[in-house]
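Take a look at the chain below, then work through the exercises one step at a time.

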Amino acid sequence: MAGSSSGSGPSAERGPGPAVPSAEQALLRAGLALSERPGALRELSALLEAAEPGWLLGSASPAALGQLAAALGELAAPPRREQDGAEPPGRDTKLEAVAERAERVGAVFLLLLQKLEDARSRQPPVGPVPRKVLGHAFIFAVTHKDERPWTTARSRAVAQELLERLVRAADCGSVEEFLRGKEGDEEGRFGAVMGLLKQELTKDTWKRNPASKDVFSWALLRVSRPWLCPHLERVLPPALLLSDDFQEENKVLGVRCLHHIVLNVPGADLCQFNRAQVVFHALYNHLYSREAPLIQAVLLCLLDLLPILERCQRRQGHGRATSPWDQVLQLVLTHMEAEHRLALRRVYAGTLPAFVTRLGILIVRHLKRLERVILGYLEVSDGPGEEARLGILETLQCTIEHAWPRMPCRLPVLLKALLRLLWDVHTERGPTPEPVRAALLHRATQCLILLDRCCQGQVKVLLAGVHSSCEENRVRECLRKVQEST
């Protein structure tokens with residue numbers, strides 16, 4: 001009876017009303033519609049605006065939210081390029097449309113994050129914001145936050161606001177903490193970001209999306225030791241791909257990524273599976289380049305990689321005769337001897353002292369060529385800053401300190417070159433600032449003092465007549481310091 005009475009009444013006569021779709025169904029439909037209908041983004045924004053936070057995060061699975069975030073990111077992605085990186089036709093019009101869509105997509109991402117944060121603050125609380133949502137939103141924000149052909153001032157402002165909101169949504173204090181995770185949370189969100197970028201960073205795809213390399217490098221450079229090591233397998237191949245490109249801009253970016261990896265991954269992990277040797281060969285091939293920014297990035301990276309590679313070879317039983325230091329320095333000196341471009345001369349001279357210091361007494365293997373390089377670089381001014389001359393004087397000082405037993409036989413040549421430098425610096429009336437002249441004179445004087453110590457006072461004997469006959473006060477002051485040194 002009770003059953004029959006409950007089945008009667010107005011509600012029974014009207015029949016059941018239309019079922020309210022679950023959050024998961026609504027979000028999946030909205031995500032599919034984004035690529036099909038121009039007005040779908042506006043409808044999604046209205047749906048999120050009206051949605052209860054608990055309904056949104058409570059009944060929608062992380063997979064559905066992740067698919068929606070992926071669809072939003074794809075909608076605002078820069079125009080795809082050809083496989084070789086060539087721009088498609090109608091590029092300018094497409095870029096303007098991307099910037100306009102990015103503004104609206106960024107606003108939807110902000111609204112979605114706000115709803116998810118509200119849901120977490122209510123009772124009963126729900127789980128954290130899904131990692132895939134954070135990952136897709138992060139990729140969108142980094143893609144659009146800097147000045148690029150596909151961004152405008154408004155789209156950049158929205159992307160920057162979204163990046164700041166992401167950090168707050170993850171309860172982090174900085175982007176670095178957002179990526180690496182807090183203490184005790186080793187995974188962070190960097191793994192999720194790299195997982196989403198994986199298909200965009202292969203040999204056949206990385207050039208098609210012009211933002212992929214920027215997102216990868218920007219995120220990588222913000223994850224340091226010890227959090228980077230677990231991701232080594234994911235980050236090393238893309239860095240090598242970038243460094244192996246034919247465009248200098250990509251080469252430099254790839255080498256900087258490799259340098260960051262070398263600095264922030266333990267040497268033992270780099271030695272496994274011959275990784276350090278692979279990186280060394282990639283860098284060594286770049287030493288044949290004639291572009292100063294690339295050479296500088298490569299040499300700085302090699303200075304940190306070579307000690308690791310040397311330890312690897314020592315553990316494998318290779319002797320010092322196969323030292324990669326000698327291999328690199330021999331090629332660098334060969335290029336320096338014939339180099340006439342001032343930018344490259346400055347780069348080479350700036351990094352040479354570190355190589356001499358690292359080799360120590362074994363620099364005697366390269367003394368003949370090194371001497372020719374030092375003499376050649378001391379003769380030529382390289383501009384107001386005199387970076388090349390200053391670097392070569394520092395190189396000479398390091399060489400005297402480490403290879404002092406070989407200096408007496410080279411005293412006549414080196415003494416003549418240093419005295420000529422003192423005279424040239426004092427008499428030249430070029431645009432060189434006074435502090436730079438003073439630095440040149442000081443370093444040349446220090447080299448003379450070191451030579452005198454190596455040669456048992458022979459420099460003082462040879463300079464005695466010069467000091468008494470010199471009429472230039474500044475040069476006399478330098479010679480006086482040499483004579484009075486003990």
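**Exercise 1.** With which residue does E249 form a salt bridge, and how far apart are the closest N and O atoms?

*Solution.* Start with what you are looking at: this is a predicted model, where local features need pLDDT of at least 70, side-chain atom pairs count only at pLDDT 80 or more, and totals for chains, interfaces and linings use all residues. Residues are numbered from 1 along each chain as its sequence is written, and side-chain values use heavy atoms, leaving out hydrogens and water.

Step 1: recall that a salt bridge is a side-chain nitrogen of Lys or Arg within 4 Å of a carboxyl oxygen of Asp or Glu. Step 2: the partner of E249 is K213, with the closest N and O atoms 3.7 Å apart. Step 3: E249 sits in helix α14 and K213 in helix α12, so this pair links distant parts of the chain, 36 residues apart (helices are DSSP runs of H or I, at least four residues, numbered from the N terminus).

**Exercise 2.** Which residue pairs with K207 in a salt bridge?

*Solution.* Step 1: the partner is D245, with the closest N and O atoms 2.8 Å apart. Step 2: K207 lies in the loop between α11 and α12 and D245 in the loop between α13 and α14, so the pair ties together parts 38 residues apart in sequence. Step 3: K207 and D245 are both buried.

Conventions. Helix = DSSP H or I, 4+ residues; strand = E, 2+ residues; numbered from the N terminus. Buried < 20%, exposed > 50% of the residue type's maximum accessible area, 1.4 Å probe, protein only.
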